[in-house]
Amino acid sequence: MKQRKAAAWLLAGFLTMMFLCTLISRGLYASGLPRVVTGTPDRRSIGHVAEAEGSIVPGKELAVNVPQGIRVREVFIQPGDEVGPETLLFAADQTDLGELIKEKELEIEKLRLSIEDMERNESLDQQKKGLDRKRAAQDAASDSQNESRNVERHQRDLQKAEEELASHLAERPEVTDPKERDRQNQDYENQVREEKELQKQIISLDRQIEEMRSDSAGNGSVSGNQSGNQSGDQSENQSSAEAELLRQKQKELAALREKLSELQLDSGEKPDYGVEDGEVTAWEEKKRQLEDAVEAAKRGLEDAGKQQEDSLRQGEREMEDAAWPEQADSTVRQNRLTMELEQERLEQYRRIYEAGGKVYGEQPGFVTELGICSGDRTADSPVIRYAAHNSPFRLKATLTKEQKKYVNPGDQAEVSLGNGRKLELEITYLAESETAPGTYDLEIDLPGQDGILGMSGSFRAKTQSDSYECCVPAEAVYSENQRYYVYALGRRQTILGEELAVEKVPVTVLDQNEKYAALEPGVITSETEVIVRSDKEVKEGVIVRYME
């Protein structure tokens, strides 16, 4: 029993120890987690403030201009001086001014002579242009006549060649018809064959007769030696028969020879068509030559016609070129304008010279800029700039492109002058600077002539945007590679229970100022807990806890 109680106490002590260790470990774990402050998006407007420093400039600035190149002997004013029509501004070097006048007169005389020469040359060019047009017309007419005669000559050549060809075709030599040629050749060949056949027969009969004569002579000597009547009678009868046969053969031979003689008397020479074939060949050759001559005449006529067309076209082009208007040349007019300008400058030089080289002011005002000093020559720019009397001053400042987004002409602005005056005025002018692209010149008209020229001043303009549904503190928004995101709290289950984890959420910034940023709604809702600040750096996936 005692042992069981002791075991129970030991178990209870062990469990108590484990519980205490767990509490301590969780406390240590929680103390090492980053602590964060969160907020939820709300609806609000985003305000913007544009501020810039500037200075007071004249509202209406006048200038005194004199011809360039005048050497300044002495300057009698300084910036800030008040000037008027009776104020002596500066004095020119009279000797140098006299030389300038002589040089200007010489330049004007050179221009005048140059203008006269160009006008005279222009008149000569016009005369030559007219002569070129006349000659081009004459050349075109002459070429046209020559080409027409050439075409007519080739037409005559073609007509003659065609007539010769037609005459030759009408004189075609007569030739034996091919069928008649075949018939005559066949008759001649038949006659030759018949002669050969008769000759063969005659030779054969001659041979037979000779043999019969030889046999008859042999039989006669044999029969003379025989004895008895019966044998003689038989021999005599046989000789008579052979003699009769011989006579018949001789008659046949005579008839064949007579027939051969008649055939040879009636037969002619072998038909020869060489002469008429030669005449036809010569006729065909001459026909071909005449046909070639006709074709050559046709080609010559075609070439002559094409040459005539080319010549007419070339003549027309030369006449067009001769009649083509001359290129515009404004040199004379430019020189006249230059001479007029130089004459005006000469008159200005003379007026200053006649005034003893002294230059006076024009309208009353305050000198703002001096562009000359003693010993220098005047440039092609105002020698003096000054602000006219009774002209209101302006505050001029420069804005950045970002500031320009929130300022427009006509907006109200708070103006602070260097003398302590503060005014609510309207923005008069706002445009991109010509001297510094990317920046903007802002001007505000001051009432009357408040302030002093060159005095510093500043302006402050406020604008309020429309109401945005999803706005968070500006420090809650981060950017990376021109992409924006926020850290939000998410919940996850771990072995230690439910914990808070950091989630990286990409967002689109619609508008922002130094305090708040307006986000595009959808990804971030009014219930999203956005981390505004933390006591340690946080990253996506990090476990955090609320800051107490």
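The following legends describe close-up views of a predicted model of one protein chain.

Local features were taken at a pLDDT of at least 70 and side-chain atom pairs at pLDDT 80 or more, whereas totals for chains, interfaces and linings use all residues of this predicted model. Residues are numbered from 1 along each chain as its sequence is written, and side-chain values use heavy atoms, with hydrogens and water left out.

**View 1. Overview of the protein chain.** The secondary structure comprises seven helices and 22 strands; helices (H or I, at least four residues) and strands (E, at least two) are DSSP runs numbered from the N terminus. Of the 548 residues, 29% count as buried, where buried means under 20% relative accessible area, exposed over 50% and partly exposed in between (1.4 Å probe, protein chains only). Contact denotes heavy atoms within 4.5 Å. Among contacts between residues at least 6 apart in sequence, 78% join residues at least 24 apart.

**View 2. The largest nonpolar core.** A nonpolar core is a set of buried Ala, Val, Leu, Ile, Met, Phe, Trp, Tyr and Cys residues joined through side-chain atoms within 4.5 Å. The largest one has 29 residues, of which Ile 70, Ile 77, Leu 89, Phe 90, Val 383 and Ile 384 touch the most other members. At least two residues of this core come from each of β3 (61-64), β4 (72-75), β6 (88-92), α2 (94-170), α6 (331-354) and β9 (384-388). The largest share, six residues, is supplied by α2. Another core lies apart from this one; it has 22 residues, including Ile 56, Val 407, Val 415 and Leu 425.

**View 3. Surroundings of Val 383.** Neighbours within four places in sequence are left aside in this view. The contacts of Val 383 are then Val 64, Val 66, Phe 90, Glu 369, Leu 370, Gly 371, Ile 372 and Thr 378. Val 383 is itself one of the core residues that touch the most other members.

**View 4. Packing of helices α2 and α5.** The axes of α2 and α5 (residues 274-323) are 8 Å apart and meet at an angle of about 170 degrees. Axes are lines fitted to C-alpha atoms, for helices over the stretch in contact, and angles run from 0 to 180 degrees between N-to-C directions. The two helices are therefore roughly antiparallel to each other, on a scale where angles under 35 degrees count as roughly parallel, over 145 as roughly antiparallel, 65 to 115 as roughly perpendicular and the rest as oblique. Their contact has 19 nonpolar, twelve polar and 14 charged residues. In this classification Ala, Val, Leu, Ile, Met, Phe, Trp, Tyr, Cys and Pro are nonpolar, Asp, Glu, Lys and Arg are charged, and the others, Gly among them, are polar.

**View 5. The sheet β4-β6-β7.** Three strands form an open, antiparallel sheet in this order; two strands pair if DSSP finds at least two bridges between them. β4 and β7 (358-360) stand at the edges with a single partner strand each, so one side of each has no neighbour in the sheet. Direction ignored, neighbouring strands are turned by 25 degrees against each other on average. Three bridges join β6 to β7, and Phe 90 has Val 359 of β7 as its bridge partner.

**View 6. The sheet β3-β9-β8-β5.** Four strands form this open sheet, with antiparallel pairing. Four bridges link β3 and β9 in the antiparallel sense, and Val 64 has Ile 384 of β9 as its bridge partner.

**View 7. Strand β10 and its two partners.** Strand β10 (residues 393-399) has a covered face formed by Phe 393, Leu 395, Ala 397 and Leu 399, and an uncovered face formed by Arg 394, Lys 396 and Thr 398. β10 is joined to β2 (residues 42-58) by five bridges, and these strands run antiparallel; Pro 58 is partnered with Phe 393. Six bridges join β10 to β14 (residues 440-445), again running antiparallel, with Leu 442 as the bridge partner of Ala 397.

**View 8. Pro 79 in the loop between β4 and β5****.** Pro 79 counts as partly exposed, with a relative accessibility of 49%. Leaving aside neighbours within four places in sequence, Pro 79 contacts Val 367, Thr 368 and Leu 370. The C-alpha atoms of Pro 79 and Tyr 386 are 8.4 Å apart, although 307 residues separate them along the chain.

**View 9. Asn 481 and Gln 482.** Asn 481 is exposed at 70% relative accessible area, and Gln 482 is exposed at 78% relative accessibility.
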